[in-house]
Amino acid sequence: MRFNKQELLTLASQPAHKYEKEGVLLLREKSDSFFRRSETGRKSTGKRDSFSCVGPSPQALTERWFRLCGNFLFYLRNCDHWSEPLGVIVLENYGVALGTEATSGKVAQHHFCFNIAFHSGGVITLGASTDVERTAWMEALGAASFSAIRARVEVIKAEIQARLSHAYSAETCSRKGSAVSPIKSCGYVADVSESPICEISLSADNLLCDVHGRAPSPKVVVHVRNLNTGSWVKYAVTEIVHRSSNPVFLTTISFRGTDGLTENSEVRFTIQDVRELTTSTVTVVGHLALQLGSLKSIERIRLPISPQTASSHRSSSGSSSSSGTNHHTHPGFLTLLCWNLEREERSSTESTPCRPNPIKYDAHHHNNPRHSHIVLSSSSYSHRRTQSLPPKLGCKLKIPLQNNFGHLFSNPYMATYRFHSGLGGDIFLHEVMAESKLCFSFPQQLLSLWIAEEKELLQEMIGLGELREPWHSRQVQILERHLWLINLYTSARQNLLNHGHHSSGSSDFRQSSAKGDPTHEFVPLNLHLQRIWAQNESLHKSGFHDNLTCGAFTAYAQGYENGGLIKLLQNYKCQGDRSKGGSVGWYSSNKVNMTYDSVQGIKRLRKEIVERMQIIMRLAKERRTTGMHKFVEEIYHRCRLLLSICDQTLIEEAFDFFERQKLSLTPNSCSGYDTLNTETEFDVDSQQEKQGHMVDEGIDTPNSPMRSIVDLFKKRAAENGCKDSEDRTPDSGVGIDEIVKSFLDSPSSNYYRPSEEPEPWDLTQLNIEASVISLNSKVKVLCGQGAEIEHHSLRPSALINRVHSVHGPPGGAPLFRGGEGIQWRKSLREDSSSGNGLKISLPPPAHLNNNNSNTAASTMIYSSSTNTTDWSEELRSSMKKLRLAMDGLLKTSRLAHSIFRLQEDNEKAQLGYIVKYRRDVCFSHALTCLVTGLMGRLWCRKTDPSFLYILTRLGPLVSFHSFLTCFSNEAEMLNDMVVAIEDLKTVEFVLVLSAGREDGQHPTPKVHGSRNGLKVLLPVQEAVFSMLPVDSSRSTSFLVTPVLFNIGINEQATVAERLANMEPQEKGNLDNFARLNEYYRRFKKLTLPVKFTSKRNQVAEPNVDILLDKMHSELLSKKKKNVDVIHFSAQICRALMGLRFTNCKSGKDRTSMSVTLEQAQILSHEYDLAEHEFQLALDAMRSEGCRRENTLKNIGQRKYAFNSLQAFALPKAYRPPPGTFGNVQT
């Protein structure tokens, strides 16, 4: 209170009508003053008085002039209302009661006294001259507390709402059958390319100052209504211009037909003076109203503001003062600049707007006498605010075309501005914030892919059958972990699916206030597209600039007790070393990774081989031989990779372990195994129709064992209760024999069954070799030429003869399988141990063409091919055998992988599942944001040949800017983000032609592959796809180059800098700068398409080399909160046509400060924003732009979550304007 002494003095010196009640009262005084302490020398009692004033005697009653303003009771030096204020009583936590002799002393007998008793114990005695006056003062003081005022406000709000509802109901009944739609506030738009009825810019002049001569802080509130009926609806509001009698508002107002407005709608402009920013205390200066249709026919008009009339002035006893306001004097003038915008045509370009000849309108006069002061300016088509340039520089404004925006984004919120440029023209800015429709749908695909992968690993482990102890218990533990992860991911996927089904019309983003809720933990936090479209009419330049904003890529719901991903990965790496010691533990863990990579590589190669076999089958059905031998040659080369992708030493080691630890099954359990048909017919056409060119993995079939396994676990848990050991979960009571039995119902042929004997590794390789040779020989007979297969024999001649004897005639079935292959494998093992290196390679087809059996087969095929009409029947048997051989290879690799997983350290395996879960959550956030940015660039903007060229030649640069702090939990969030962004480097993106959208479905990216080999198919329009390269040396697939630069800017960053805990941030920034520099080195080698622009439209491109040097210097300088690193990185990313992403912990407060600053810098660097208007434009976007709406959507308040100390700790350029922040939920 003493700090705000001057403000209190001002509040106590207002005109009489500003107070609820004022007059003379008697006050029982004490010895202290609120504004000045008494210097009587009296010793302090250690207890503060509940009020303060100066008086001669503590028992005397002195006459004072009192003024009640809200919950402040001011009293002046004497009974004259012109005297100076002396003290104030804050009316909170108190009660008002009549004075008694016990409380007021003997003075209560002579005066009409009453007491203000505070809950803390203090009592203030006041007296009135009459009983009526005492009653009036007691009623006024009793209702003066903040809680009482708030209760009255709520009652008034309820009454207003009831009246509005009644008026709306009456208006709806009167308009039944009318086409007039209800009015809604501006901001949210149905179509970002909609042409509004008109757009206006506002300015005022000659606004009156207050009694102290201080200029007002005005803002304009716009209300609208239809057809002179119904209530006024608050439509829009401008920013606040501080201390100006001649304000120019940078925020413009767009009146849209989709908001329920017509040309007959009425518009009322209310000019308010903002007295206090924190509580938004305002006084009305004046208003004016006119018809919306009249605005369309004028360009510039200056109208007088009608003063706000006071219905009554409050008067108090003894008060004779009044405000001498002259109601015939206007408090100022309001100027409106109006213009019409047209939808951009497809033939127009962003860089060269259409420029028709200027059109001059006739002056339009209204019959309404309120418009008698209309002043029309000289007509100019561009409506420049300053009117300093000749009319010939005007250009017609065009709304940019964004036809596909609604297919990918929802709930767009738009704000419009008009700024001054350095040349005296204007810059028009459209700011759009929208939610991504992929936010909840895309993570569902990732979860489905991870569930399928966990099912594969589960089936691998089931395929081992019964093992000896302790491996049986270890096997059950692994199965339980897989089931836990599958159930967890299935529940998360169902939650996302339920959100899509039951939230039609709701938001498509995850609120920052719910970041701790695990229901939607795979959804990125507060993901929004922040887009601006700017046009400088003087430079004839316009363009889009996008920035994706979101929260940190971190697992909020999992907590940070164990650290972030970097710390967890380090612990995981060291876990095996500590348990098994040194290189032994590392090698054991590395075997799991090696066999897993082999499985994924075999699956990928097998899919590519099957795709080429499908093409060969189609060509054979059509009896077309052109190019068939080329596909056979591609199959041959991929089969060579299949044979070399696995380490034979690891396979032999796994087989040895499996033979020692596997329990033999009883004859009864084996009796049903032989009846199962594990060999599925290979039908290329049916596979193509049902799977869409995908290989059947047998993991999502209706007969999958997963459903029965989960049911068995639940059933046994219900029967046994919790009698299991403490080391097992309640679901761990299922025996392995029951799991194996449920697995036998699966038709999958990609896993070994417990009854099957693993096929020898060498025999598997030979089967693949023979199948390829057979296929090549048949294609050679049909086409007249075969694949050019070079021979690189690495086998001894004796071994080659043995191989031929095993296989028999080419194309025939293997001579033995199963148990008979054990002796063959042992004999080969003896040969390899004798010193002869064993490596299987494919021989050339000519090597076997000399064989009599091969010649006979060729003669038979040739003679039959002239009689048959379907060549595909001749090739089907060889392709079927090749498919079965590849299945055997995959089975063997999966068996080895499951065995090495079984041997892995138990604690390390448990930690591996924790890391996998957390990593999947963070990666889902990062990939969803990246796919949203790519789709928005490809679908919602005009096709840019340069960007497509970079996309296919080099891959785009993806720049992430983060404002996390290397302190407390935010340091662990940064660790999660680093790993998630690094994982994006391994994702392959492929551009595919989009199928026709039916039933309003939006284009949806598709995800394929596995965790370590993910492929995302991005659908594009035909216009975009036609611009992609068609030659064989270039592909439509690409990888991204992600970089992350982090600078902490809040108060915790100050603590981290003082604790010298900035090494992770500095090292990470330098590493990412090296990656950025390397990307630019490759970028310079590209030959980008030439942009055909006029000399007038050419703008000097930033010198990236200079920017990189400056950025490197800033990184080495080690400045505190060095945000220049972020600024240089953003300029470099825009120069290299990259994608921009900005995030902080919640993607709301620090992110908003960053994106608004970047938008202002774009206007300054590229659109010549006037230097003196930079800070004004920045404050306008932060106060009335899209980011304030973002805070409302997340926490329900239009305030940034900074208190005064936190705002002061931010760098100066990142501080929010006064009145836009408060201590609210983050």
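**Note on the predicted model**

1. Leaving aside neighbours within four places in sequence, L927 is in contact (heavy atoms within 4.5 Å) with F442, L446, L984, V987, F989, L1014 and V1016. The model is predicted: local features need pLDDT of at least 70, side-chain atom pairs count only at pLDDT 80 or more, and totals for chains, interfaces and linings use all residues. Residues are numbered from 1 along each chain as its sequence is written, and side-chain values use heavy atoms, leaving out hydrogens and water.

2. L927, F989 and L1018 touch the most other members of the largest nonpolar core, which has 193 residues. Such a core is a set of buried Ala, Val, Leu, Ile, Met, Phe, Trp, Tyr and Cys residues joined through side-chain atoms within 4.5 Å; buried means under 20% relative accessible area, exposed over 50%, partly exposed in between (1.4 Å probe, protein chains only). Helix α22 (residues 906-939) gives the most to this core, with 16 residues. Helices (H or I, at least four residues) and strands (E, at least two) are DSSP runs, numbered from the N terminus.

3. Helix α16 (residues 761-783) is largely enclosed by the rest of the structure, because 21 of its 23 residues are buried.

4. A cis peptide bond, with omega of about 5°, joins E469 and P470. P470 lies in the loop between α7 (438-462) and α8 (471-502).

5. H540 and K1118 are not glycines, yet H540 has a positive phi of about 55°, as does K1118. H540 is buried, with a relative accessible area of 8%, whereas K1118 is exposed, at 60%.
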